Amino acid sequence: MATEVGPTSVKAPASGGAPIHHAPKGVGEDNRIATQGRWAAWLLAPTILALSVVIVYPIITAIVMSFQKDAGLDPATGLFVEGGPAGFSNYYNWIFQQCPAPDGGTVDCPPGTLGAQFWSATGTTFFFTIVTVALETVLGFWMAVIMARAFKGRSLVRAAVLVPWAIPTAVTAKLWLFIFAFEGIGNKLFNTTVLWTGSEWPARWAVIIADVWKTTPFMALLILAGLQMIPAEVYEAAKVDGASAWQRFRMITLPLVKPALMVAILFRTLDALRMFDLPYILTGGANNTTTLSILVINQIRQGFNAAAALSTITFIIIFLVAFIFVRFLGANVVEQTGAGKGKK
Amino acid sequence: MTASTSAATELRAEQDRGRKVAQNREKWAQGRTYISAVVILFWCLAPAYWMVVTAFRDVGYTYDTSILPTHVTLDNFKTAFDTSFGNHFGQALLNSLFIGTVVTLVSLVIGVFAAYALARLNFKFKYLVLGFILGASMFPGVALITPLFQLFTNIGWMGTYQALIIPNISFVLPLTVYTMTSFFREMPWELEESARVDGCTQGQAFRKVIMPLAAPAIFTTAILAFISSWNEFLIASQLSSDATQPVTVAIASFAGAQPNQIPYTAIMAAGTIVTIPLVILVLVFQRKIVAGLTAGAVK
């Protein structure tokens, strides 16, 4: 494992087994670090530059835009609004669901307009995130435990779970739309007559089921990779000591798989918070399936700047959730990924 | 004497019983594993199978529920490529191929250097850079779309290929970098060391020794990068035109002869065309793909 990097505490990275140099600690070592630092700067420059252009620049632009008024006719009131600096009014309008009023002030947005949907979209987004990630974690764990066992046909199962993952989300959405069609196989199979995309709860469940189908394999594979890191001897020893299956699961599997599990949950949570394709194609955002991402997209053509404010709010929400995960739930992504820190 | 023999027999009987119970339990556990495996297979494959079966079914029998293919026809595939209802599926396939290839190549060429540095070199701010790249990959697409929408409108790029390629790089490049970083850390770097002992510079050692060894890792990363670009929908749905739209957008907006009737069989045919190459690719390189997918999460 590579070691921590600092001006003084220097040890060779031994990720591939052999250390990169054998010089004793001292001046030569510092020079080596300086050389490596220069190399690293050159090698990283293209990536950093590219990401700055495609991510950092748009983000800064979006934040600048979010403090500007949208010029043009207000879709809700039909009044002409001048552009210019807006202060926090775009943010205020979203959070308190206010729309411009004829007298220059603001009124509660009429139901049905985009402005009146902020909190319902936020609620929907979190509802989808919590339910899908919870289901995917439980199902994914179960699948991973099965796939970790030795049985004939195991490789077939491992291949099969990749199929939903490989199907593009847009295709998945259309496929489930067809399965959930009124005359579709879903209703026939369970002998029901549900208009799946026609009312709130069936529509929400349609999105959840499709999402769980599509993304559980990813979760299962990540957890499986974590399970495979646990040496078999640990289980043998516990068995000899008389630990029951449940005890082995709770005392060995869970704690040892936790780092991988937390990263998997973090990845899936952040992904679910920006959910767009599936509800957009499956239900069109109707019947309370509008997520924050869908709301932003619907707003773009009614006013860039208000959309920029909403996308910034979305970004902040996702950032906060990621922060909570890393800070309080111990999902250490950076250590888990890439050049892991040598803790041993 | 007899007492001890009978005791021994009893003990043996006891052991036999114990073994049988253990064997039964083993068999029962094995049986449960198989039942679970079948449930997983069904859950993962049945919907995909349904798509393929429907793709080959005559449009008049769209809602037929027989498990096996019935009223088999290839008409749906013809309908999928038909442009008379305003669909551009054939063009969209080419567009997706083109966009995916460019995005993958650009991300690989740029990302391979960064991955090498992150996996191999010691430098300050390494974790900051890694955090930045990981953060970038978790970035919500909607946060980019608004400024890009306005920017591309202003400079007349709406509906152009570059307007679709550039935002795609924003999420494919971080994915490329961290997948390759994980792969690179697993490689036999002693060989680089020996090359350097033999008088190669670090750059030469990288090009002549490491690059050939890294080829499989780079290829796997390329597949993952291509798939994520191929699947992109959000940005393409807003910034593409009829001429440049990728397949995801084409399928999402697929129209039929009657405006109020969704042409399911044709959509399933289009979905099958889009999916089958990916599924084959993924199954052929299954081991590598899974290693690449999970590279970030465990180590």
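Me: Which residues of H9(A) and H10(A) meet?
Reply: In this predicted model, A:Val234, A:Tyr235, A:Ala238 and A:Lys239 of H9(A) are in contact with A:Arg248, A:Ile252 and A:Thr253 of H10(A).

Me: And how do the residues of that contact divide by class?
Reply: The contact of H9(A) with H10(A) comprises four nonpolar residues, one polar and two charged.

Me: At what angle do the axes of the two helices cross?
Reply: The axes of H9 (residues 232-240) and H10 (residues 245-273) of chain A cross at roughly 145° and come within 11 Å. The crossing of H9(A) past H10(A) is right-handed.

Me: Moving on to H3(A) and H13(A): how far apart are their axes?
Reply: The axes of H3 (residues 118-148) and H13 (residues 304-328), both of chain A, are 13 Å apart, and the helices pack at an angle of about 35°.

Me: Is that crossing right-handed or left-handed?
Reply: H3(A) and H13(A) form a right-handed crossing.

Me: Which residues make the contact?
Reply: H3(A) contributes A:Phe118, A:Thr122 and A:Phe126, while H13(A) contributes A:Leu310, A:Ile313, A:Ile317 and A:Val321. Six of the residues in the contact of H3(A) with H13(A) are nonpolar and one is polar, with no charged residue.

Me: What does B:Phe184 touch?
Reply: Leaving aside residues up to four places away in sequence, B:Phe184 touches B:Val112, B:Ala115, B:Tyr116, B:Ala119, B:Trp189 and B:Ala214.

Conventions
Residues numbered from 1 in each chain as written. Chains lettered and ligands numbered in written order. Predicted model: local features only at pLDDT ≥ 70, side-chain atom pairs only at ≥ 80, totals over all residues. Heavy atoms only, no water. Contact = heavy atoms within 4.5 Å. Axes fitted to C-alpha atoms, helices over the stretch in contact; angles between N-to-C directions. Helix = DSSP H or I, 4+ residues; strand = E, 2+ residues; numbered from the N terminus. Left-handed = near helix turned anticlockwise from the far one by under 90°. Nonpolar A, V, L, I, M, F, W, Y, C, P; charged D, E, K, R; others polar.
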